[in-house]
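Dear colleague,

I am handing over a structure for you to look at, and below it you will find notes on what was found. Please keep it open while you read.

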Amino acid sequence: MSRDEIFNKIKSTIDKDLEEEFGSSKYKQFKGTLFNDDIINQAIAYADDLKSRFRKKYGEKCEFYPEISVSSKLADPNAKPDTLLGIVDLLVVDERGQIHYFDYKTSPKPYDKFNDVKKKAYQYQLGMYGKLLKRYGLNYRKSDISILPI
């Protein structure tokens with residue numbers, strides 16, 4: 001897909017989602033102010049840079065799998081809810097077949113500036129994703145949290 005096709009796809013998806021969320025009359029009042037062309041281009045440039053960094057770290061032939069749903073029934077049959085669900089933001093399979101998984105958090109500050117409680121909650125989330133991935137027979141080597149800057 002070309003950069004222009006990606007841009008147009010993102011823009012039309014944002015327009016559609018916001019119009020559905022707010023209704024066409026309200027959406028027309030602020031169309032273009034929340035997600036203008038510059039913001040979309042910055043997001044694409046960030047994604048391109050991230051992809052380049054991952055290819056450099058994990059190999060040119062690494063494969064990307066975004067938004068992987070994982071779930072498992074809980075051991076306690078009386079538990080309510082009885083299923084643990086999650087969405088792994090990005091799963092990367094490197095050239096050796098090793099799995100790396102990532103979760104993105106949107107924040108104006110870097111991860112190392114988060115308080116300990118927030119860091120532990122995110123580490124727990126990643127640990128649960130790892131356990132769920134293992135139940136699918138996918139063994140991972142490392143997990144990371146990446147922060148998407150606003």
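In the hairpin formed by S2 and S3, five residues lie between the strands, and one of the residues in this hairpin, Gly-97, takes a positive phi near 85°. Strands here are DSSP runs of E with at least two residues, and helices are runs of H or I with at least four, both numbered from the N terminus.

The model is a predicted one, in which local features need pLDDT of at least 70 and side-chain atom pairs count only at pLDDT 80 or more, while totals for chains, interfaces and linings use all residues. Residues are numbered from 1 along each chain as its sequence is written, and side-chain values use heavy atoms, with hydrogens and water left out.

Strand S2 (residues 83-93) pairs with strand S1 (residues 63-73) in the antiparallel sense over 10 bridges, where two strands count as paired if DSSP finds at least two bridges between them. Within that pairing, Val-88 in S2 stands opposite Ile-68. S2 also pairs with S3 (residues 99-106), again in the antiparallel sense, over four bridges, and there Leu-90 has Phe-102 as its bridge partner.

Turning to a helix, Ile-6 is found in H1 (residues 3-22) and touches Met-1 and Ile-44, leaving aside residues up to four places away in sequence; contact means heavy atoms within 4.5 Å. Ile-6 and Asn-41 are 35 residues apart in sequence, and their C-alpha atoms are 9.8 Å apart in space.

Overall, the protein has four helices and four strands, which run α-α-α-β-β-β-α-β from the N terminus on.

Best wishes
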